[in-house]
Amino acid sequence: MAEYLASIFGTEKDKVNCSFYFKIGACRHGDRCSRLHNKPTFSQTIALLNIYRNPQNSAQSADGLTCAISDMEMQEHYDEFFEEVFTEMEEKYGEVEEMNVCDNLGDHLVGNVYVKFRYEEDAEKAVIDLNNRWFNGQPSMLSCLP
């Protein structure tokens, strides 16, 4: 029995633990999810939740119409954001192996930034420090990922 439970842990067959949260550190059901969201106690990867704002998704004029933003402006905005976050992570916390910025339509992923550090200690340092920070007028929300 224990072998079977171990084989389904974190999969769709697991009726106790949330497979979405296990895979990406976010759940499409949020607090309404009936399954457990097990947060790891340590990891090389951290999730900065909802910090990237795509200007195309939020640009509106005074009359409520969506403003057109060129692809070049979009890329420039993204590049500046990526460089700012990546540089701060490396300078303050340690070597970054990988960083991904989510820009999609799923509410549970929009604006999430995933940063994988070389060492778990660097990720831990970042989580401790960044949990007390604000970004874009909101407190930064962080979690460790498996």
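## Stop one: a glutamate in a helix

Start by selecting Glu-88, which is buried at a relative accessible area of 18% (buried means under 20% relative accessible area, exposed over 50%, and partly exposed in between, using a 1.4 Å probe and protein chains only). Glu-88 sits in helix H4, residues 71-92. Helices (H or I, at least four residues) and strands (E, at least two) are DSSP runs, numbered from the N terminus.

Which residues is Glu-88 in contact with, leaving aside its neighbours within four places in sequence? Show Tyr-93 and Arg-133: those are the ones. Contact here means heavy atoms within 4.5 Å.

Residues are numbered from 1 along each chain as its sequence is written, and side-chain values use heavy atoms, with hydrogens and water left out.

The protein's mean pLDDT is 80, with 78% of its residues at 70 or more. Now look at two strands: E2 (residues 96-101) has the highest mean among the elements, 95, and E6 (residues 141-145) has the lowest, 55. Where pLDDT is low, the predicted coordinates should not be read in detail.

## Stop two: the ring cluster

Stay on H4 and select Tyr-78 and Phe-82, which are both in this helix, 4 residues apart, or about one turn. Tyr-78 is partly exposed at 25% relative accessibility, and Phe-82 is partly exposed too, with 23%.

Searching the whole structure turns up 4 aromatic pairs. Tyr-78 and Phe-82 make a tilted one, at 5.9 Å centre to centre and 40 degrees between the planes. Show Tyr-52 and Phe-81 as well, and you have the cluster that ring pairs link together with Tyr-78, Phe-82 and Phe-86.

Keep Phe-86 selected, which is partly exposed at 25%. Beyond its neighbours within four places in sequence, Phe-86 is in contact with Val-96 and Met-99. Draw a C-alpha to C-alpha line from Phe-86 to Glu-98: they are 12 residues apart in sequence and 9.2 Å apart in space.

## Stop three: the nonpolar core

Now for the largest nonpolar core, which has 18 residues. Such a core is a set of buried Ala, Val, Leu, Ile, Met, Phe, Trp, Tyr and Cys residues joined through side-chain atoms within 4.5 Å. Select Ile-46, Met-89, Val-113, Val-115 and Phe-117, which have the most contacts inside it. Strands E1 (45-49), E2 and E3 (113-117), plus helices H4 and H5 (120-130), each supply at least two residues of this core. H5 gives the most, 4 residues.

Zoom in on Phe-117: not counting residues up to four places away in sequence, the residues it touches include Ile-46, Met-89, Tyr-93, Val-96 and Ala-126.

Conventions:
pLDDT is the predictor's confidence in each residue, from 0 to 100. Rings of Phe, Tyr and Trp (its six-membered ring) pair if their centres lie within 6.5 Å; planes under 30 degrees apart count as stacked, over 60 as edge-to-face and the rest as tilted.
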